[in-house]
Amino acid sequence: MVALLALAFLRQNDPSSMPRPTDRNEKHLSNLRQLTFGGQNAEAYWSADCKYLTYQARVPGDLYPDEQIFSMRADGSAKRLESTGKGRCTCSYYTPDGKWIYFSSTHASQPGPQPPVDMSKGYVWAINPNYQLYAVPVGGRDGVGNPRSVVSRPGAYVAETTIAPNGKYMAWTSDFEGDLDIYRSDLDGKNVRKLTNKVGYDGGPFVSWDSKKIVYRRDDFHSAKEETSYRDLLKQHLIRPTRLEIWIMDADGSHKHQVTHLACASFAPFLHPDGKRIIFSSNYGDPKGREFDLFMINIDGSNLERITYARDFDGFPMFTRDGKTLVFASDRFQTKPYETNLFLADWKD
């Protein structure tokens with residue numbers, strides 16, 4: 001019954017996307033289309049053939065206890081539930097053959113809603129130790145009941161997974177060795193290899209379309225006190241993401257270098273298919289640190305350019321393999337507070 005109610009909700013907003021105007025300053029974007037309508041929708045990522053998107057959403061009402069994983073066609077149609085409908089889910093990604101969706105979920109050990117974050121500690125993110133990595137077959141029935149476990153580290157956070165388009169490896173984030181680091185492994189979770197080793201949050205790895213590079217976010221300590229604060233928060237399964245920089249490395253973890261030096265919160269980087277530029281979300285330039293927009297920068301750290309100008313939030317950008325289309329999440333055109341939706345735009349260089 002829950003799955004049927006979910007389909008009813010999704011289909012009332014589905015037959016397709018809605019054209020929207022861009023801000024006059026958004027010179028790289030045209031033919032903007034809104035794909036979702038209501039709730040909190042984010043982290044939409046392309047299938048290898050760029051015909052489908054998988055994403056996470058908290059839909060209005062009480063159908064689910066927390067965010068779940070959905071999929072849809074690139075035009076916004078055929079939305080469907082892919083996760084179990086239990087717990088909280090995040091960070092979904094297609095396998096290159098399009099047959100499986102990988103995602104992290106709490107459904108096994110925490111099937112209800114995620115406990116609220118203790119904001120008395122300031123602005124912090126939860127590093128939920130109930131997140132483990134699973135895979136479900138695409139096209140199975142809604143609310144599939146038995147997702148396959150791929151990476152399980154009980155008591156540790158396992159999330160932020162992206163899969164190399166060549167199918168040879170996946171990259172993910174975990175704190176199972178006491179620090180938040182990026183790992184790579186085979187798609188079955190075997191042959192785990194640690195790619196980062198400095199103290200601090202290394203996370204959000206995105207594999208390039210040619211599978212040769214990984215872009216990611218990293219916090220940067222300026223004192224022993226800051227490092228101690230990070231360690232203390234991590235013991236409480238929290239981090240303070242107020243200063244994150246964009247980094248890039250080879251797929252084997254070599255040749256790491258810092259790309260941004262913005263001293264703010266930058267995250268969700270994705271390498272343009274030309275291999276020369278990175279698009280990412282950042283609150284750079286906002287004195288209050290509340291407005292996030294998309295920016296682009298060369299991999300050598302030069303030519304920083306602001307891409308979006310909507311108020312509040314633009315984030316989670318990903319280019320199609322040909323670089324002609326961009327998907328991202330945004331608060332623009334929201335009908336209620338805290339509403340975030342998914343958008344497509346043609347990319348103009």
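This is a predicted model: local features need pLDDT of at least 70, side-chain atom pairs count only at pLDDT 80 or more; totals for chains, interfaces and linings use all residues.
Q: Which strand gives the most to the lining of the largest pocket?
A: The lining comprises 48 residues, with R88, Y123, W125, F313 and F316 nearest the centre of the pocket. By class, 25 of the lining residues are nonpolar, 13 polar and 10 charged. Among the strands, the most is given, with five residues, by β3.

Q: Why is strand β13 described as largely enclosed by the rest of the structure?
A: In a regular strand, side chains alternate between the two faces of the sheet. In β13, M170, W172 and S174 point one way while A171 and T173 point the other way, and all are buried, that is, under 20% relative accessible area. The strand is therefore largely enclosed, since the number of its five residues that are buried is five.

Q: Which residue of β14 is the bridge partner of S174?
A: On one side, β13 pairs with β12 in the antiparallel sense over four bridges, and I163 stands opposite M170. Five bridges join β13 to β14 (residues 181-185), again antiparallel, and the hairpin of these two strands has six residues between them, with G178 in the turn at a positive phi of about 100°. In β14, the partner of S174 is D181.

Terms used. Residues are numbered from 1 along each chain as its sequence is written. Side-chain values use heavy atoms; hydrogens and water are left out. On a 1 Å grid over the protein atoms alone, a cavity is a set of points where a 1.4 Å probe fits but cannot get out, and a pocket is an open set with protein on both sides within 12 Å along at least five of seven lines; lining residues have an atom within 4 Å of a point. Ala, Val, Leu, Ile, Met, Phe, Trp, Tyr, Cys and Pro count as nonpolar, Asp, Glu, Lys and Arg as charged, and the others, Gly among them, as polar. Buried means under 20% relative accessible area, exposed over 50%, partly exposed in between (1.4 Å probe, protein chains only). Two strands pair if DSSP finds at least two bridges between them.
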